[in-house]
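Visitor: I have the model open and want to go through its side-chain contacts. Can we take them one at a time?

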Amino acid sequence: MRIPRRTLAAAAALVAVLPLSACGGGGDGGSADASGKVEGDITFQTWNLRANFKPYFEDLIAEFEKQHPGTDVKWVDQPAEGYADKISADAAGGTLPDVVNVSPDLVAPLAKAGLALDLDKAAGQYEKEYLPGAWAGHRIPGMTGTYAFPWYLNTGPLFYNKSLFEEAGLDPEQPPKTYDDLFANALRIAEKTGGEVATLANVPTIEDFGRYGVPLMDKEGTGFTFDDAKGVELLTKYKELYDAKALDPQALTATPESSGKKFLTGAVAMNPGSALDLGNFKKQAPNLYKNIGITDQITSTGHVNMYVMGVMVNAQTQRKPAAVAFAHFVTDAAHQMSFAKKVAIFPSTAGSLDDPYFTKEDGTDETRVRVAAAQSLKTAVNYTPVLFSEQMKTELRNAVARALQGKESPQEALDNAVKACDRLLQQQG
């Protein structure tokens with residue numbers, strides 16, 4: 001199952017390989033009129049889903065074709081590795097499928113090149129069916145329009161070790177909710193344990209800056225802004241944590257696996273996770289499992305971060321009515337709910353998260369995590385700018401490392417990161 005996190009560096013360079021005739025003006029590259037009879041042959045491309053969900057998609061397609069006689073949907077599935085490159089090649093060669101499974105970072109260059117249909121124009125009547133934050137997930141700064149139907153969402157709660165909070169004199173039933181709470185608690189735990197227990201094992205990412213309330217990019221999509229006073233304030237706080245060992249000393253090189261191990265052994269008090277992690281704790285660290293607390297992601301905005309996957313319609317398709325109808329069909333409430341029950345993702349459709357499947361616990365680890373995450377998703381935000389590439393993430397991470405190590409001040413580090421990211425942005429086209 002492809003987890004909807006932006007991990008495809010090739011997406012940032014996609015515009016550069018598109019035909020010159022497609023670049024320049026943006027827009028939908030043709031008529032946005034999707035009215036007319038739903039008929040004809042269309043191709044639907046997914047992203048590493050055939051191996052685990054072949055029966056689901058075969059049944060889905062058969063149902064659509066039955067509802068719309070005269071349609072024929074050809075399903076192709078591409079592996080996770082090289083997916084952005086495959087889309088680049090298809091876009092350049094004029095062989096992009098009619099309906100394509102995408103993430104926001106892949107939509108951006110296609111929209112700029114006029115290859116992604118503007119759904120605000122072609123299918124705006126469906127917007128009300130989706131969560132506002134999810135529908136907005138495939139909007140591009142500097143452009144008007146929405147360029148993919150929101151499909152499934154993902155997020156995760158935060159685990160914390162109640163016993164470590166209690167030993168530090170903190171209320172284990174009142175975990176931190178805001179960054180201010182987090183920083184205060186983290187410094188307290190580090191002080192009480194002589195720096196033996198860190199609260200966090202990871203350095204701040206672009207999502208952390210977003211959740212802290214830092215403006216990340218200008219509305220025109222022409223430059224990044226996370227080096228403002230609030231951004232500097234956040235990085236300064238993290239520097240304080242790092243110096244006090246409230247942020248794990250190995251955070252600069254941490255991976256999700258290494259962070260998870262530190263949480264497992266009690267060296268870290270808080271860590272993001274999933275139901276799968278809870279199962280592992282139960283087997284490998286029963287004492288930790290007995291003391292596990294589950295809370296929302298830390299945020300000072302009141303909105304957690306979410307990752308959104310989408311379904312895009314090729315603006316050049318000769319079968320717009322059928323392509324739009326099928327993309328909507330795949331992402332409507334009934335089919336999203338059906339898909340969510342087969343895998344640990346969440347529907348992006350309005351009202352779906354109120355279903356008992358997402359609101360009622362039955363005592364299992366899976367429902368504990370699912371209910372906590374679903375509740376937070378109702379007002380979640382996709383903080384990562386759609387134009388923020390993997391190279392830009394690396395620039396930010398390196399800048400954070402320089403600031404934490406004292407090689408640059410937080411202001412200098414973020415200023416340099418913004419300059420580097422703006423240069424990369426200009427290179428995107």
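Visitor: Which residue meets Arg139 in a salt bridge?

Guide: This is a predicted model, where local features need pLDDT of at least 70, side-chain atom pairs count only at pLDDT 80 or more, and totals for chains, interfaces and linings use all residues. Residues are numbered from 1 along each chain as its sequence is written, and side-chain values use heavy atoms, with hydrogens and water left out. A salt bridge needs a side-chain nitrogen of Lys or Arg within 4 Å of a carboxyl oxygen of Asp or Glu. At 3.5 Å, N to O, the partner of Arg139 is Glu127.

Visitor: How many residues apart in sequence are the parts that Arg139 and Glu127 tie together?

Guide: Helices (H or I, at least four residues) and strands (E, at least two) are DSSP runs, numbered from the N terminus. Arg139 lies in the loop between α5 (132-135) and β4 (149-154), and Glu127 in the loop between α4 (119-122) and α5. So the pair ties together parts whose separation in sequence is twelve residues.

Visitor: Is Arg139 buried, exposed or partly exposed?

Guide: Buried means under 20% relative accessible area, exposed over 50%, and partly exposed in between (1.4 Å probe, protein chains only). Arg139 has a relative accessible area of 34%, so Arg139 is partly exposed.

Visitor: What separates Glu58 and Lys54 along helix α1?

Guide: Their side chains meet in a salt bridge of 4.0 Å, N to O. Glu58 is partly exposed at 39%, and Lys54 is partly exposed at 38%. Because they are four residues apart in helix α1 (residues 50-67), the separation is about one helical turn.

Visitor: Which helix holds both Asp243 and Lys239?

Guide: These two side chains also form a salt bridge, 3.1 Å from N to O. They are four residues apart, about one turn of the helix. Both lie in residues 229-243, helix α9.

Visitor: How many salt bridges does the structure hold?

Guide: Side chains of opposite charge can pair when their charged atoms come close. In this structure, the count of salt bridges is twelve.

Visitor: Which side chain joins Thr317 in a polar contact?

Guide: Thr317 sits in the loop between β8 (307-313) and α13 (320-331). Its relative accessibility is 6%, so Thr317 counts as buried. A polar contact is a pair of N or O atoms within 3.5 Å; within protein, one must be able to donate a hydrogen and the other to accept it, and residues adjacent in sequence count only if both atoms are side-chain atoms. At 2.6 Å, the side chain is that of Asp98.

Visitor: Which residues touch the most other members of the largest nonpolar core?

Guide: A nonpolar core is a set of buried Ala, Val, Leu, Ile, Met, Phe, Trp, Tyr and Cys residues joined through side-chain atoms within 4.5 Å. The largest has 128 residues, and its top two by that count are Phe57 and Phe226.

Visitor: What is the angle between the planes of Tyr56 and Phe57?

Guide: Rings of Phe, Tyr and Trp (its six-membered ring) pair if their centres lie within 6.5 Å; planes under 30 degrees apart count as stacked, over 60 as edge-to-face and the rest as tilted. The count comes to 30 aromatic pairs. Tyr56 and Phe57 are edge-to-face, 5.1 Å centre to centre, with an angle of 85°.

Visitor: Which residue lies over the face of Tyr357 at 3.7 Å from the ring centre?

Guide: A charge sits over a ring if NZ of Lys or CZ of Arg is within 6 Å of the ring centre and within 35 degrees of the ring normal. The charged end of Lys341 sits over Tyr357 at 5.4 Å. At 3.7 Å, the residue is Arg370.
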